[in-house]
Amino acid sequence: MELWYTEEHTPSVRFSIKVKKQLFGGKSPFQQIDVFDSDEFGRFFTLDGLMMVTEKDEFIYHDMIVHVPMATNTGIKRVLVIGGGDGGTVRELTRYKTIEKIDMVDIDEMVVKVCRELLPFTSRKLGDPRVTLYFEDGLKFVRTVEESYDLIIVDSTDPFGPGEGLFTREFYGNCFRALSAEGILVNQHENPYYESYSASMKRAHRRIEEFFPICRVYQAHIPTYPSGHWLFGFASKKFDPIADLDAAAWNGLGLETKYYNTDIHVGSFMLPNYVKSALEIK
(Lines give C-alpha, C1' and ligand atoms only; values in the text may rest on other atoms or scores of the structure.)
Protein backbone atom coordinates (compact mmCIF):
# COMPACT_ATOMS: atom_id res chain seq x y z
CA MET A 1 0.00 0.00 0.00
CA GLU A 2 1.31 3.45 -0.92
CA LEU A 3 1.12 6.31 1.58
CA TRP A 4 0.91 9.89 0.29
CA TYR A 5 0.88 13.24 2.07
CA THR A 6 -1.48 15.58 0.24
CA GLU A 7 -1.97 19.27 0.98
CA GLU A 8 -4.82 21.29 -0.44
CA HIS A 9 -3.38 24.55 -1.75
CA THR A 10 -6.78 25.68 -3.04
CA PRO A 11 -10.11 23.87 -3.39
CA SER A 12 -8.96 22.81 -6.88
CA VAL A 13 -5.19 22.42 -6.42
CA ARG A 14 -3.41 19.76 -4.38
CA PHE A 15 0.25 18.96 -3.75
CA SER A 16 1.39 15.43 -2.88
CA ILE A 17 4.56 13.69 -1.70
CA LYS A 18 4.98 9.93 -1.54
CA VAL A 19 5.74 8.95 2.06
CA LYS A 20 8.03 6.13 3.16
CA LYS A 21 6.99 6.22 6.79
CA GLN A 22 5.20 8.35 9.34
CA LEU A 23 7.64 9.09 12.18
CA PHE A 24 5.29 10.96 14.50
CA GLY A 25 1.66 11.92 14.77
CA GLY A 26 0.12 13.69 17.74
CA LYS A 27 -2.11 16.53 18.80
CA SER A 28 -0.92 19.28 21.11
CA PRO A 29 -3.30 21.67 22.90
CA PHE A 30 -2.96 23.89 19.81
CA GLN A 31 -2.60 21.82 16.64
CA GLN A 32 -2.00 18.49 14.92
CA ILE A 33 1.72 17.70 14.54
CA ASP A 34 3.05 15.14 12.05
CA VAL A 35 6.52 14.16 10.87
CA PHE A 36 7.06 11.97 7.79
CA ASP A 37 9.99 10.52 5.88
CA SER A 38 10.11 10.54 2.08
CA ASP A 39 12.51 9.68 -0.73
CA GLU A 40 12.33 13.02 -2.53
CA PHE A 41 12.26 15.56 0.32
CA GLY A 42 13.67 13.57 3.23
CA ARG A 43 12.01 14.19 6.56
CA PHE A 44 9.26 16.77 6.63
CA PHE A 45 7.07 18.34 9.28
CA THR A 46 3.46 19.51 9.04
CA LEU A 47 1.05 21.38 11.32
CA ASP A 48 -2.67 20.82 10.88
CA GLY A 49 -1.85 19.19 7.56
CA LEU A 50 0.13 22.15 6.20
CA MET A 51 3.79 21.93 5.21
CA MET A 52 6.24 23.70 7.52
CA VAL A 53 9.69 22.27 6.78
CA THR A 54 11.29 19.66 4.55
CA GLU A 55 14.84 18.39 4.87
CA LYS A 56 15.53 19.08 1.19
CA ASP A 57 14.40 22.69 0.76
CA GLU A 58 14.29 24.25 4.25
CA PHE A 59 17.60 26.02 3.58
CA ILE A 60 15.90 28.38 1.12
CA TYR A 61 13.39 29.71 3.64
CA HIS A 62 15.83 29.95 6.54
CA ASP A 63 18.58 31.56 4.47
CA MET A 64 16.26 34.27 3.26
CA ILE A 65 14.46 35.05 6.50
CA VAL A 66 17.77 35.46 8.39
CA HIS A 67 20.57 36.59 6.10
CA VAL A 68 18.69 39.40 4.35
CA PRO A 69 18.28 41.45 7.57
CA MET A 70 21.69 40.38 8.91
CA ALA A 71 23.47 41.60 5.76
CA THR A 72 21.52 44.87 5.89
CA ASN A 73 22.78 45.55 9.43
CA THR A 74 25.75 43.40 10.40
CA GLY A 75 25.76 45.09 13.81
CA ILE A 76 22.65 43.27 15.07
CA LYS A 77 23.20 41.94 18.61
CA ARG A 78 19.79 41.15 20.14
CA VAL A 79 17.21 39.13 18.25
CA LEU A 80 13.66 37.98 18.95
CA VAL A 81 12.26 35.04 16.97
CA ILE A 82 8.50 34.55 17.18
CA GLY A 83 7.45 31.08 16.10
CA GLY A 84 10.17 29.06 14.41
CA GLY A 85 9.73 25.99 16.60
CA ASP A 86 11.60 23.78 14.11
CA GLY A 87 14.76 25.73 15.03
CA GLY A 88 15.98 26.54 11.52
CA THR A 89 15.86 30.32 11.98
CA VAL A 90 17.77 30.06 15.26
CA ARG A 91 20.30 27.75 13.61
CA GLU A 92 21.14 30.41 11.01
CA LEU A 93 21.27 33.21 13.58
CA THR A 94 23.76 31.31 15.78
CA ARG A 95 26.25 31.37 12.90
CA TYR A 96 26.84 35.07 13.67
CA LYS A 97 29.38 35.45 16.46
CA THR A 98 28.37 39.10 16.86
CA ILE A 99 24.85 38.19 18.05
CA GLU A 100 24.73 38.25 21.84
CA LYS A 101 21.15 37.19 22.62
CA ILE A 102 18.44 35.22 20.82
CA ASP A 103 15.00 34.90 22.41
CA MET A 104 12.65 32.44 20.72
CA VAL A 105 8.94 32.47 21.56
CA ASP A 106 6.74 29.60 20.38
CA ILE A 107 3.26 28.91 21.71
CA ASP A 108 3.59 25.13 21.28
CA GLU A 109 6.23 23.35 23.38
CA MET A 110 5.37 20.02 21.78
CA VAL A 111 6.48 21.33 18.37
CA VAL A 112 9.93 22.11 19.74
CA LYS A 113 10.22 18.76 21.52
CA VAL A 114 9.26 16.81 18.39
CA CYS A 115 11.61 18.81 16.17
CA ARG A 116 14.52 18.42 18.60
CA GLU A 117 14.01 14.67 18.49
CA LEU A 118 13.24 14.10 14.82
CA LEU A 119 14.54 17.13 12.88
CA PRO A 120 18.12 17.66 14.09
CA PHE A 121 19.02 19.31 10.77
CA THR A 122 17.02 22.39 11.83
CA SER A 123 16.87 22.12 15.63
CA ARG A 124 20.49 21.37 16.52
CA LYS A 125 21.33 24.90 17.69
CA LEU A 126 18.38 25.44 20.05
CA GLY A 127 20.72 24.60 22.93
CA ASP A 128 23.17 27.39 22.07
CA PRO A 129 23.94 29.35 25.28
CA ARG A 130 22.77 32.59 23.67
CA VAL A 131 19.29 31.12 23.05
CA THR A 132 16.43 31.42 25.54
CA LEU A 133 13.19 29.56 24.77
CA TYR A 134 9.80 30.88 25.85
CA PHE A 135 6.67 28.77 25.40
CA GLU A 136 3.89 31.32 25.24
CA ASP A 137 1.79 33.37 22.86
CA GLY A 138 4.03 35.66 20.78
CA LEU A 139 1.32 38.32 20.65
CA LYS A 140 1.19 38.49 24.44
CA PHE A 141 4.98 38.30 24.75
CA VAL A 142 5.65 41.44 22.70
CA ARG A 143 3.05 43.38 24.68
CA THR A 144 5.27 43.16 27.75
CA VAL A 145 8.74 43.49 26.22
CA GLU A 146 10.85 45.95 28.20
CA GLU A 147 14.11 45.59 26.30
CA SER A 148 14.84 46.65 22.76
CA TYR A 149 15.66 44.15 20.04
CA ASP A 150 17.71 44.99 16.96
CA LEU A 151 15.84 42.40 14.91
CA ILE A 152 12.49 40.64 15.23
CA ILE A 153 11.84 37.68 12.94
CA VAL A 154 8.26 36.48 12.73
CA ASP A 155 8.63 32.87 11.59
CA SER A 156 4.94 32.06 11.93
CA THR A 157 2.40 29.65 10.53
CA ASP A 158 -0.37 30.91 8.27
CA PRO A 159 -2.80 33.58 9.63
CA PHE A 160 -5.31 31.26 11.28
CA GLY A 161 -5.29 28.99 14.31
CA PRO A 162 -2.28 29.59 16.61
CA GLY A 163 -0.70 32.01 14.11
CA GLU A 164 -3.69 34.27 13.61
CA GLY A 165 -2.68 36.89 16.20
CA LEU A 166 0.71 37.36 14.53
CA PHE A 167 -0.87 39.11 11.55
CA THR A 168 -2.81 41.78 13.43
CA ARG A 169 -2.36 45.56 13.63
CA GLU A 170 -1.83 45.27 17.39
CA PHE A 171 0.98 42.77 16.93
CA TYR A 172 2.88 44.86 14.40
CA GLY A 173 2.52 47.95 16.58
CA ASN A 174 3.92 46.07 19.56
CA CYS A 175 6.82 44.83 17.45
CA PHE A 176 7.57 48.42 16.45
CA ARG A 177 7.73 49.41 20.12
CA ALA A 178 9.90 46.40 21.00
CA LEU A 179 12.54 47.35 18.44
CA SER A 180 15.49 49.64 18.96
CA ALA A 181 15.81 52.90 17.03
CA GLU A 182 17.63 50.98 14.30
CA GLY A 183 15.36 47.94 14.52
CA ILE A 184 14.34 45.62 11.68
CA LEU A 185 11.23 43.44 11.45
CA VAL A 186 11.15 40.50 9.02
CA ASN A 187 8.14 38.24 8.61
CA GLN A 188 7.02 35.41 6.36
CA HIS A 189 4.57 37.17 4.08
CA GLU A 190 2.59 34.32 2.45
CA ASN A 191 2.42 33.71 -1.31
CA PRO A 192 1.04 36.17 -3.87
CA TYR A 193 -0.30 33.63 -6.35
CA TYR A 194 -3.38 32.00 -4.83
CA GLU A 195 -6.24 34.30 -3.92
CA SER A 196 -6.68 33.39 -0.24
CA TYR A 197 -2.95 33.67 0.48
CA SER A 198 -2.67 36.88 -1.53
CA ALA A 199 -5.43 38.47 0.55
CA SER A 200 -3.47 37.70 3.74
CA MET A 201 -0.30 39.09 2.16
CA LYS A 202 -1.94 42.37 1.19
CA ARG A 203 -3.58 42.78 4.60
CA ALA A 204 -0.30 42.19 6.45
CA HIS A 205 1.58 44.60 4.18
CA ARG A 206 -0.95 47.40 4.76
CA ARG A 207 -0.81 46.93 8.52
CA ILE A 208 2.99 46.96 8.66
CA GLU A 209 3.09 50.12 6.52
CA GLU A 210 1.06 51.91 9.19
CA PHE A 211 3.98 51.71 11.64
CA PHE A 212 7.29 51.54 9.75
CA PRO A 213 8.81 54.29 7.59
CA ILE A 214 10.66 51.71 5.50
CA CYS A 215 8.55 48.80 4.28
CA ARG A 216 9.65 46.42 1.51
CA VAL A 217 8.75 42.96 0.24
CA TYR A 218 11.13 40.33 -1.15
CA GLN A 219 10.77 36.86 -2.57
CA ALA A 220 12.18 33.36 -2.77
CA HIS A 221 11.20 30.19 -4.60
CA ILE A 222 10.44 27.27 -2.27
CA PRO A 223 9.25 24.11 -4.05
CA THR A 224 7.08 22.67 -1.26
CA TYR A 225 5.23 25.88 -0.33
CA PRO A 226 1.95 26.74 -2.08
CA SER A 227 2.68 27.86 -5.66
CA GLY A 228 6.43 27.70 -4.96
CA HIS A 229 6.56 31.51 -4.88
CA TRP A 230 6.95 32.89 -1.36
CA LEU A 231 7.26 36.41 0.00
CA PHE A 232 8.90 37.96 3.03
CA GLY A 233 8.24 41.37 4.55
CA PHE A 234 11.11 43.68 5.51
CA ALA A 235 10.29 46.69 7.70
CA SER A 236 12.67 49.01 9.50
CA LYS A 237 12.91 52.24 11.41
CA LYS A 238 16.21 53.14 9.72
CA PHE A 239 17.72 50.63 7.32
CA ASP A 240 16.83 50.24 3.65
CA PRO A 241 17.58 46.64 2.61
CA ILE A 242 19.15 47.65 -0.71
CA ALA A 243 20.70 51.06 -0.05
CA ASP A 244 22.16 49.93 3.28
CA LEU A 245 23.30 46.46 2.22
CA ASP A 246 26.97 46.11 3.18
CA ALA A 247 27.90 43.32 0.79
CA ALA A 248 31.62 43.55 1.52
CA ALA A 249 31.08 43.29 5.28
CA TRP A 250 28.72 40.31 4.98
CA ASN A 251 30.89 38.49 2.46
CA GLY A 252 33.85 39.12 4.75
CA LEU A 253 32.20 36.95 7.40
CA GLY A 254 32.90 33.91 5.25
CA LEU A 255 29.52 32.25 5.89
CA GLU A 256 28.74 29.41 3.50
CA THR A 257 25.11 29.41 2.38
CA LYS A 258 23.24 27.20 -0.08
CA TYR A 259 20.76 29.81 -1.34
CA TYR A 260 21.51 33.31 -0.11
CA ASN A 261 24.19 35.57 -1.56
CA THR A 262 24.46 39.34 -1.75
CA ASP A 263 23.51 39.38 -5.44
CA ILE A 264 20.28 37.50 -4.78
CA HIS A 265 19.72 39.82 -1.79
CA VAL A 266 19.31 42.75 -4.18
CA GLY A 267 17.50 40.72 -6.82
CA SER A 268 14.96 39.32 -4.39
CA PHE A 269 13.44 42.80 -3.96
CA MET A 270 12.80 43.06 -7.73
CA LEU A 271 9.19 41.88 -7.75
CA PRO A 272 6.99 40.71 -10.65
CA ASN A 273 4.44 43.22 -11.85
CA TYR A 274 1.45 41.26 -10.58
CA VAL A 275 2.92 41.34 -7.07
CA LYS A 276 3.73 45.04 -7.28
CA SER A 277 0.18 45.70 -8.45
CA ALA A 278 -1.30 43.69 -5.56
CA LEU A 279 0.83 45.59 -3.06
CA GLU A 280 0.23 48.92 -4.82
CA ILE A 281 3.95 49.43 -5.34
CA LYS A 282 4.80 51.86 -8.14
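**View 1. His 205, Glu 209, Cys 215, Arg 216, Val 217, Ile 242, Phe 269, Met 270, Leu 271, Lys 276 and Ile 281 line the largest pocket.** Helix H7 (195-209) and strand E11 (214-221) are the elements that each give two or more residues to this lining. The largest share, three residues, comes from E11. Sorted by type, the lining has seven nonpolar, one polar and three charged residues. The volume of the largest pocket is about 200 Å³.

This is a predicted model, in which local features need pLDDT of at least 70 and side-chain atom pairs count only at pLDDT 80 or more, while totals for chains, interfaces and linings use all residues. Residues are numbered from 1 along each chain as its sequence is written, and side-chain values use heavy atoms, with hydrogens and water left out.

Some terms for this view: on a 1 Å grid over the protein atoms alone, a pocket is an open set of points where a 1.4 Å probe fits, with protein on both sides within 12 Å along at least five of seven lines, and lining residues have an atom within 4 Å of a point. Helices (H or I, at least four residues) and strands (E, at least two) are DSSP runs, numbered from the N terminus.

**View 2. Here we look at Cys 215, a residue of the pocket lining.** The structure holds zero disulfides. Cys 215 is buried (under 20% relative accessible area, with a 1.4 Å probe and protein chains only), at a value of 15%. Cys 115 is buried too, at 0%.

**View 3. Tyr 197 and Trp 230 form an edge-to-face aromatic pair.** Their centres are 6.2 Å apart, with 70 degrees between the planes. Rings of Phe, Tyr and Trp (its six-membered ring) pair if their centres lie within 6.5 Å, and planes over 60 degrees apart count as edge-to-face. Tyr 197 lies in helix H7 and Trp 230 in strand E12 (residues 229-236), so the pair ties together parts 33 residues apart in sequence. Both residues are buried.

**View 4. Lys 237 lies over the face of Phe 176.** The distance from the ring centre is 4.2 Å. A charge sits over a ring if NZ of Lys or CZ of Arg is within 6 Å of the ring centre and within 35 degrees of the ring normal. Lys 56 lies over the face of Phe 41, at 5.7 Å.

Conventions
Points joined across faces, edges and corners; volume = space filled by probe spheres on them. Nonpolar A, V, L, I, M, F, W, Y, C, P; charged D, E, K, R; others polar. Disulfide = S-S within 2.5 Å. Buried < 20%, exposed > 50% of the residue type's maximum accessible area, 1.4 Å probe, protein only. Phe/Tyr/Trp six-rings, centres within 6.5 Å; stacked < 30°, edge-to-face > 60°.
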